[in-house]
Amino acid sequence: MKLAFTDKNLRELIPPADKAQEVYWDLKTPGLQYVLGRGGTGTFVAVYRRDGKKVRETLGRREERTLPQAKEAFRVALGRVADQKPTEGDIRRAARSGPTLA
């Protein structure tokens with residue numbers, strides 16, 4: 001569902017009762033999503049393409065980041081992708097997929 005992201009609009013969203021989460025796209029910032037879970041937790045997500053592949057990168061929960069901070073993190077992530085540098089999400093994924101003790 002598309003929505004103009006404002007603090008007021010995001011606060012007024014009602015968590016979905018019939019599914020696990022609802023995804024909202026910002027009308028003014030293509031590629032920026034707000035995912036609202038059944039429990040009421042909202043998460044900002046960046047969606048972009050890197051090397052032809054679609055990438056979804058978590059920017060932070062609504063409790064952790066304000067809307068302006070999420071939009072700035074989105075712009076930074078897209079800039080890093082354009083410069084072919086790793087984003088925060090790339091660094092987190094690399095750390096998770098490192099060597100294990102198994």
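Trainee: Why is Lys19 called partly exposed in this predicted model?

Mentor: Lys19 has a relative accessibility of 35%. Buried means under 20% and exposed means over 50%, so a value in between is called partly exposed.

Trainee: And what makes Glu22 buried?

Mentor: Its relative accessibility is 16%. The cut-off for buried is under 20%, so Glu22 falls on the buried side.

Trainee: How do you know that Lys19 forms a salt bridge with Glu22?

Mentor: Look at the closest N and O atoms: they are 2.9 Å apart. The rule asks for within 4 Å, so the pair counts. By this rule the count comes to 8 salt bridges.

Trainee: Why is the contact between Arg62 and Asp7 called a salt bridge?

Mentor: Here the N to O distance is 3.7 Å, and the limit is within 4 Å, so this pair passes as well. Arg62 sits in the loop between strand 5 (53-61) and helix 2 (67-82), while Asp7 is in helix 1 (residues 7-12). The two are 55 residues apart, so the bridge links distant parts of the chain.

Trainee: Are Arg62 and Asp7 buried or partly exposed?

Mentor: One of each. Arg62 is at 18%, which counts as buried, whereas Asp7 has 34% and is partly exposed.

Trainee: What makes Arg75 and Glu72 a salt bridge?

Mentor: Their closest N and O atoms are 3.4 Å apart, and within 4 Å is what the rule needs, so they qualify. Both lie in helix 2, 3 residues apart, about one turn of the helix. Arg75, at 49%, is partly exposed, and so is Glu72, at 40%.

Trainee: Which residues are linked in a network of salt bridges?

Mentor: Arg65, Glu88 and Arg92 are linked that way.

Trainee: On to the rings. Why is the Phe5 and Tyr34 pair called edge-to-face?

Mentor: The angle between the planes is 75°. Phe5 is in the loop between strand 1 (2-3) and helix 1, and Tyr34 is in strand 3 (residues 32-37), so the pair ties together parts 29 residues apart in sequence.

Trainee: What makes the pair of Tyr34 and Phe44 tilted?

Mentor: Their planes are at 55°. Stacked is under 30 degrees and edge-to-face over 60, so this pair is tilted.

Methods:
Residues are numbered from 1 along each chain as its sequence is written. This is a predicted model: local features need pLDDT of at least 70, side-chain atom pairs count only at pLDDT 80 or more; totals for chains, interfaces and linings use all residues. Side-chain values use heavy atoms; hydrogens and water are left out. A salt bridge is a side-chain nitrogen of Lys or Arg within 4 Å of a carboxyl oxygen of Asp or Glu. Helices (H or I, at least four residues) and strands (E, at least two) are DSSP runs, numbered from the N terminus. Buried means under 20% relative accessible area, exposed over 50%, partly exposed in between (1.4 Å probe, protein chains only). Rings of Phe, Tyr and Trp (its six-membered ring) pair if their centres lie within 6.5 Å; planes under 30 degrees apart count as stacked, over 60 as edge-to-face and the rest as tilted.
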